[in-house]
Amino acid sequence: FAFKPRSINLTTMSSAAELNSSCPVSGGDDSTNGGQRWLPPNHDSRCTFRIDKPVCESPHLHQKRKERPKILPDILHHIGNTPLVRVNNITKEEGIECEILVKCEFFNAGGSVKDRIGLRMIEDAERSGRLKPGDVLIEPTSGNTGIGLALAAAVKGYRCTIVMPEKMSKEKVDVLRALGADIVRTPTAASYDSAESHIGVAKQLLNTVANSHILDQYTNPSNPMAHFDGTAEEILEACSGQLDMVVLGAGTGGTLCGVARKLKQRCPDCLIIGVDPLGSILAQPDELNATKVTGYDVEGIGYDFVPTVLDRSLVDHWYKSNDVDSLRMARRLIRREGLLCGGSSGSAFDCALRAVRDFGLGAGKRVVVLLPDSVRNYMTKFLSDDWMIERGHMPDPEDDPSLGPSHAWMSVRVGSLDLRAPLTVAPDVSVSETLELFNRESIDQVPVVERSSGAIVGMATLSNITSRIIRGSLAPTDPVGSAAFDKFTKVTPDAKLGAVSRRLDTDHFVLVVQQQRQFGSAGEAVREFVYGILTRIDLLNFILKMQE
């Protein structure tokens, strides 16, 4: 299908949650796709479920837990029944006397707690007759629900289109593509009710793609029901009903509310702790949400609206998390406990430690913290020291005063190096001429720069040209501009060598560029021109010279 996000005309949004549940929904307009009604993702819930009523009087369709067979019929049977693991080292280091257990949802087939709702929403829609073979699933998501849906869709034979903000990690995108999903990216800063948001774009696709459905995690009762029937039952069974506090992050609120409702019924004295990042508005009282923070790097929790499935009255106390403490704690859980979890797991665990202290839970008390997803989705994000430093979540090592003279080079600026005058080629120079230049100048990479404007087109490297000629996708007579690539690191002369050295751990070179302000008839513009190329050998020679 053709997709033009700026052509979307978003009015009222809706969900077909009523097709999956006997709970009534309100408002909305009739959709053009199968008569589905589209309601806002934060419309008032009219669910008649009550904690003080037995499950037999519930308006929802409930499922009983199933024992996992020794040989699984398919990978969908590896969703649920995740382990509950005791935390030992961090609790000892923090002087925590109560028992803290973590529910490791990254052991689900797709790597996150959202696998549960992806499968449950599909199965409930199949039971109701809503989904039929060959139908298309569309879902606005931060990524994990998309992976859960795409996984189930791959096994069951549905087409799947995932609409997700640009902020979400490359790893999530790669996994979704591997599962056969189509992916549409939307601006991270777009408000949920904007035509360009992931929710608004999903609505437009629903109206244009035949036989498509948005199962809609924000309003679909199958979301919390997956956790009421599954996750909460698993926790209660493992703990024999003995627990004093449960700590859960809030995204759509399905996990939080599904678990909380079951615990309020079966273990009413257990404290329910909700975790919401700074920059989100889910926590209560509303004063907690007052902040100058407008965005956050932790993925999968927090929203700029309150989803329909989130019943905040179930939460006994809210904590606000921040990126620095969350991501550092996630790395600590990996390093000290061997728990390969994601950033929102760090948010939940960091707030759990605060809650344990605030509520005075000591020896003999038990706390369960839900870890939503795996580190697999964030290998190029918070696992990377460079990323953490660039985002301000870790101190820059070259600023450490305890480093001795042997590390003095780390604080030196790139501009202090005696880099050779830059040699560039124009895009229309042939590949064969560029190879002759490499041989004559004893170099293996060169910036490709426009003749007139001086704009940097990309980098032409010997390795890239060689591999493309061998594959037959490049001829010696082709212009070298067609062989240039723009996936390289640029730094300014003011960059510190410590930061550049970390780039050179993985990159063969960095391009040093200088910015220039230019005023013309169209106004002022900032242009970049090549200052030099810094390679590993250049850096090594400089370090050795300083240590002489």
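The model is predicted. Asp115 is buried but has no salt bridge. The largest pocket has a volume of about 600 Å³, and the largest cavity has one of about 200 Å³.

**Asp115**

- Asp115 sits in helix α2, which covers residues 114-127.
- Which side chain of opposite charge is nearest to Asp115? That side chain is Arg376, at 6.8 Å.
- The side chain of Asp115 does reach a backbone atom: the nitrogen of Gly111 lies 3.2 Å away.
- Leaving aside residues up to four places away in sequence, Asp115 touches Ile79, Asn108, Ala109, Gly110 and Gly148.

**The largest pocket**

- The volume of the largest pocket is about 600 Å³.
- The pocket is lined by 23 residues, and those closest to its centre are Gln63, Lys66, Ile79, Leu119 and Glu123.
- Two elements give two or more residues to this lining: α2 and α6 (222-238).
- Helix α2 gives the most, with 5 residues. Asp115 is also placed in α2.
- Ile79 is among the residues closest to the pocket centre, and Ile79 is touched by Asp115.

**Cavities**

- How many cavities of 30 Å³ or more are there? The count comes to 4.
- The largest cavity has a volume of about 200 Å³. Its lining holds 21 residues.
- Nearest the centre of the largest cavity lie Val113, Lys114, Gly300, Ile301 and Pro372.
- The elements giving two or more residues to the lining of the largest cavity are β9 (245-249) and α7 (254-266).
- Of the elements, α7 gives the most to this lining, with 3 residues.

**The loop between β10 and β11**

- This loop joins β10 (271-277) to β11 (317-321) and holds Pro285. Thr291 lies in the loop between β10 and β11 as well.
- The peptide bond from Gln284 to Pro285 is cis, and its omega is near 0°.
- Is Thr291 buried, partly exposed or exposed? Thr291 is partly exposed, because its relative accessible area is 35%.
- A polar atom of the Thr291 side chain lies 3.0 Å from the backbone nitrogen of Val293.
- Thr291 touches Leu278 and Gly279, not counting residues up to four places away in sequence.
- Thr291 and Leu278 are 13 residues apart in sequence, and their C-alpha atoms are 6.9 Å apart in space.

- Asn211 is not a glycine, yet has a positive phi of about 55°.
- Asn211 lies in the loop between α5 (198-208) and β8 (212-214). Asn211 counts as partly exposed because its relative accessibility is 49%.
- Ser442 also has a positive phi, near 60°, and is a residue other than glycine.
- Ser442 is found in the loop between α11 (431-441) and β13 (445-449). With a relative accessibility of 65%, Ser442 counts as exposed.

Key. Residues are numbered from 1 along each chain as its sequence is written. This is a predicted model: local features need pLDDT of at least 70, side-chain atom pairs count only at pLDDT 80 or more; totals for chains, interfaces and linings use all residues. Side-chain values use heavy atoms; hydrogens and water are left out. Helices (H or I, at least four residues) and strands (E, at least two) are DSSP runs, numbered from the N terminus. Buried means under 20% relative accessible area, exposed over 50%, partly exposed in between (1.4 Å probe, protein chains only). Lys and Arg count as positive and Asp and Glu as negative; His and the chain ends are not counted. A salt bridge is a side-chain nitrogen of Lys or Arg within 4 Å of a carboxyl oxygen of Asp or Glu. A polar contact is a pair of N or O atoms within 3.5 Å; within protein, one must be able to donate a hydrogen and the other to accept it, and residues adjacent in sequence count only if both atoms are side-chain atoms. Contact means heavy atoms within 4.5 Å. On a 1 Å grid over the protein atoms alone, a cavity is a set of points where a 1.4 Å probe fits but cannot get out, and a pocket is an open set with protein on both sides within 12 Å along at least five of seven lines; lining residues have an atom within 4 Å of a point. Grid points are joined across faces, edges and corners, and a volume is the space filled by probe spheres set on the points.
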